[in-house]
Each structure stands twice: as C-alpha cells, then as structure tokens.
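Please keep the sequence and the structure open alongside the numbered points.

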Amino acid sequence: MDPKWVYIKDFKKHIDQTVEFRGWVWNKRSSGKIAFLQLRDGTGFIQGIAEKKNFDAETFENIRKIKMESSVILQGTIKKDERSPENVELHITSFKKVQEPLEDYPISKKDHGIDFLMENRHLWIRSRRQFHILKIRNEILKAIRDFYNKNDFTLIDTPIFTGSIGESAGNTFKLDYFDYGEVYLAQTGQLYLEAAAMSFGKVYNLGPTFRSEKSKTRRHLIEFWMNEAEVAFYQHEDNIKLQESLVSFIIQRVLENTSDDLKEIGRDTNKLQKIQPPFERMTYTQAIGFLKKKGFQIEWGEDFGADEESALASQFEKPLFVEKYPRKVKAFYMQPDENNPDVVLCDDLLAPEGYGEIIGASERIWEESILIDRLKEFNLPLDQYQWYIDLRKFGSVPHSGFGLGIERTVAWICGLEHIREAIPFARTLYRVYP
C-alpha cells in the first residue's frame with residue numbers, strides 16, 4: 001500500500017511513519033553523500049534529508065542539483081530531531097520531480113530591492129516571511145468572522161458600484177455605468193449597512209474598498225479591505241465598547257493560533273499580550289492640548305496626520321480612542337454631540353507603536369431634518385441620497401458603526417514597516433502589476 005499523503009502541519013502526528021510529501025523545494029544544500037532539501041507545501045516548512053546510499057547515482061545527482069522552486073513528490077520517514085526548528089525532519093527514500101524550472105529562480109539568496117520584490121510579488125509570497133504574514137492575515141479575517149457570528153451579527157455584502165459616496169468625492173474612482181451615467185467605486189459600505197441594520201439589527205461586511213488618494217505613505221493603499229459593522233439602537237458609548245471587544249478578540253485569537261508565525265517574523269508578542277480592555281481614551285480637545293505641549297503646530301479644528309497620531313498613541317501600550325472631533329473635519333453622517341454641537345460623536349482608534357488609525361467610527365445622524373441639513377452643508381445631491389434619507393422617515397432609531405482597516409490591522413499586529421506586505425497583491429499609487 002502506498003504511503004499516506006501528509007501535510008507538514010501534521011508531521012508531528014506521524015513520527016517514525018513512512019509518508020508521502022507533495023510540495024516544493026525552496027532551498028537546498030549538499031554535503032558529500034547527503035543532500036538537504038528545504039521543503040514547503042502551503043502548510044509549513046520542513047527539512048528533507050536524502051542519503052546517497054538510498055538512491056542510484058543518477059537520482060541522487062538529480063536531487064543534489066535540483067533547482068529552487070521545483071515541485072516534487074517525495075516519500076520518506078518522519079524522524080524526530082530536536083535540532084530542527086520544527087523538531088522533525090523527513091528522511092527521503094523516494095524522489096519524483098513534477099516540474100523543474102528551466103531557469104534559475106529569480107528570487108535568490110541575495111538581497112533584492114523592494115521594487116524588484118514587488119514586481120515579483122507573485123513569487124515573493126512563496127518566501128517564508130511573506131508566508132507567515134499572510135497566514136496571520138488569514139487568522140485575523142477568520143477571527144473577525146467568528147466574532148460577529150458569536151455575537152449574532154448578520155453578514156451583509158455591500159455593493160462595490162455606488163451612486164452615493166460615503167465620505168468625499170475628491171478621493172473616489174469614477175466610472176461610466178451604461179445609460180445610468182457616473183458611478184463610483186465604493187469607499188465604504190456603511191450607508192448600505194445602515195439600511196440593513198434597520199432590518200437585521202446587528203450587521204457587518206468584509207470586502208474591498210477603493211480610495212483615489214495620491215498618497216505614498218507606508219500606511220496607504222489604493223485598494224484595501226475593510227470590515228464594517230452597524231448596530232441599531234447603539235449609541236456612542238456602545239459603539240466604543242464593541243470596537244474594544246472586536247480588537248481584543250482578534251489579538252487573542254492571533255496569539256492563540258499563530259504564535260509560531262509571529263515568532264518566525266520576529267514579532268514581540270509581549271506587546272500584543274498587553275492588548276486587553278479597557279483601552280486608553282481622550283477627547284480631540286485633550287489631544288490638541290497634548291500635541292501643542294509637544295511642540296506640534298496644530299490648531300483646534302485641524303485634522304491629525306500620521307505624525308500627530310503616532311505622538312498621541314506612543315504614550316500608551318494599548319490602543320487609544322480619540323473621540324469627539326470637530327464636525328467640520330468629519331463626514332456628513334456623524335451625529336452632533338448634544339452638549340457641544342461643534343463636535344460629533346465619533347472616535348478614531350489609534351494603534352500603539354506608531355501604527356496610527358485602524359478604526360474610524362461614529363454614532364450616525366438618525367433625524368431626517370439634521371441629515372438633510374448636513375447633506376446640503378457638504379453640497380451633496382439630495383436626489384442621490386433619497387434612499388438614505390428614507391431610512392430616517394420610517395422607524396428611525398439611534399444607531400452606530402465603524403470601519404476597521406484590515407491591512408492597517410495586519411501591519412500593526414505583525415509589526416510591519418510598510419502596509420504593502422499586509423495584502424497579497426498591493427495596489428499602490430504606482431503599482432498595479434502583478
């Protein structure tokens with residue numbers, strides 16, 4: 001009977017058993033009568049050892065000279081080895097090439113510039129570091145879905161094409177949509193989630209969003225993924241507690257299920273273990289006072305940039321809520337504070353260690369007359385938002401929600417220097433290839 005095909009992640013369950021391996025050779029070295037193959041199969045990395053005595057001369061020479069990223073099917077015995085990072089190795093007894101490249105693999109041992117690596121992103125994601133980052137991203141996405149399922153939210157898939165912008169027309173991609181005319185690629189699914197919340201109570205989405213910002217900072221992508229949530233009858237304080245619970249849940253799941261991946265990329269997990277509620281908190285007005293004392297040239301009414309966010313969050317080991325921003329620097333749909341109509345009931349959640357905003361949130365305007373006034377103030381066409389106004393006509397209630405940037409969250413949790421590594425195929429200002 002042929003040996004059982006076993007994935008690397010399950011090797012420890014098959015010590016001293018003969019198994020079949022299917023995967024790729026990502027590196028190699030040889031020493032006289034022994035060839036060492038570094039193997040991967042999509043679930044992990046392992047070392048394979050081929051001894052000359054177990055093969056005919058031609059086969060052993062093929063093993064010794066095999067090119068990087070050749071695909072192979074191997075058979076061998078899994079042996080315990082405490083010296084190995086994985087604590088096990090595969091002692092190869094049968095070797096079969098599926099495909100061997102005709103040319104050398106372009107991403108070799110030598111250092112490559114970031115432009116070269118991004119140009120070869122389709123190959124770069126095979127490397128160990130990129131593999132572990134994207135495995136952590138996968139766990140973050142799983143945690144988000146599990147959190148909402150556990151808390152009885154309903155998934156609502158919001159549209160990508162929209163005639164109603166969520167924030168400002170200045171950073172949207174415009175398209176001609178047949179006879180309808182001009183539409184936009186969605187910056188947010190929030191407005192549609194508000195409609196769904198009036199049906200289901202607690203809703204969320206998870207999908208791509210687009211912003212036409214000519215920005216080249218380490219925090220910006222043109223196409224990025226967002227998780228948004230909306231809850232009927234939730235007010236500002238409820239909304240903050242929900243964000244706190246979600247982020248804490250994500251962190252704990254990542255620590256539980258991908259601690260090895262975090263270790264492989266050199267992340268200090270001690271910092272992540274401190275991310276437990278309650279989070280830190282200050283008002284926008286308090287933040288302005290703090291920044292002025294630190295020497296920042298900023299006045300009340302101005303929005304924060306990356307430097308200001310980093311300065312604010314660097315005071316703390318936990319994320320920081322900055323709440324109640326001036327209404328003039330925030331979107332049209334945010335509920336004014338009844339105690340101070342110059343500010344709105346919103347918050348930005350700033351990650352520590354200089355990673356800045358990962359969540360933007362607010363209580364939403366729920367009265368028709370106030371919403372219409374705000375739409376006019378922003379010079380937005382009422383006819384395009386009539387359906388959104390209707391939500392305030394028929395059974396309107398206070399409601400709140402937020403948007404969590406997936407890549408910014410991945411970058412923070414992984415400790416990445418640039419957001420482009422937080423997504424499989426980054427779309428930046430000058431890159432749409434591959």
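1. Helices (H or I, at least four residues) and strands (E, at least two) are DSSP runs, numbered from the N terminus. Gln386 belongs to helix α12, which covers residues 386–390. Buried denotes under 20% relative accessible area, exposed over 50%, and partly exposed what falls in between (1.4 Å probe, protein chains only). Gln386 is partly exposed, because its relative accessibility is 33%.

2. The model is predicted; local features need pLDDT of at least 70 and side-chain atom pairs count only at pLDDT 80 or more, while totals for chains, interfaces and linings use all residues. Residues are numbered from 1 along each chain as its sequence is written, and side-chain values use heavy atoms, with hydrogens and water left out.

3. Domain bounds come from an automatic or database domain assignment. That assignment gives domain 1 as 8–99 and domain 2 as 121–421. Eight residues from domain 1 and five residues from domain 2 take part in the contact, where contact means heavy atoms within 4.5 Å. The centres of the two domains, taken over C-alpha atoms, are 45 Å apart.

4. How much area is buried between domain 1 and domain 2? The value is about 590 Å², and carbon and sulfur atoms give 60% of it. Buried area here is the accessible area (1.4 Å probe) that two parts lose on being put together, summed over both.

5. Two salt bridges are found across the interface of domain 1 and domain 2. A salt bridge is a side-chain nitrogen of Lys or Arg within 4 Å of a carboxyl oxygen of Asp or Glu. On the side of domain 1 that touches domain 2 there are two nonpolar, three polar and three charged residues. In this classification Ala, Val, Leu, Ile, Met, Phe, Trp, Tyr, Cys and Pro count as nonpolar, Asp, Glu, Lys and Arg as charged, and the others, Gly among them, as polar. Elsewhere in the list of pairs, Glu86 and Arg128 form a salt bridge through their side chains, at 3.5 Å from N to O.

6. Asn205 sits in strand β11, residues 202–210, and is buried, with a relative accessible area of 5%. Its side chain makes a polar contact of 2.9 Å with the side chain of Thr158. A polar contact is a pair of N or O atoms within 3.5 Å; within protein, one must be able to donate a hydrogen and the other to accept it, and residues adjacent in sequence count only if both atoms are side-chain atoms. Leaving aside residues up to four places away in sequence, Asn205 touches residues including Leu155, Ile156, Met226 and Glu228.

7. Most residues other than glycine have a negative phi, and most peptide bonds are trans. Glu69 has a positive phi of about 70° although it is not a glycine; Glu69 is in the loop between α1 (57–65) and β5 (71–80) and is buried at 7% relative accessibility. Phe178, also not a glycine, has a positive phi of about 50°. Phe178 lies in the loop between β9 (174–177) and β10 (181–185) and is exposed at 76%.

8. Two cis peptide bonds deserve a look. One runs from Pro277 to Pro278, with omega near 5°, and Pro278 is in the loop between α8 (269–273) and β13 (280–283). Another runs from Tyr433 to Pro434, with omega near 0°; Pro434 is in the segment after α13 (406–414).

9. Helix α13 is mostly covered, with eight of its nine residues buried. Among them are Ile406, Glu407, Trp412 and Cys414.

10. The salt-bridge count comes to 33. Lys65 and Glu61 form one at 3.2 Å, N to O, and they are separated by about one helical turn because they are four residues apart in helix α1. Lys65 is exposed at 52%, whereas Glu61 is partly exposed at 30%. Asp337 and Lys324 form another, at 3.7 Å, N to O. Asp337 lies in strand β15 (residues 336–337) and Lys324 in the loop between β14 (320–323) and β15, so the pair ties together parts that are 13 residues apart in sequence. Asp337 is buried at 8%, and Lys324 is partly exposed at 26%.
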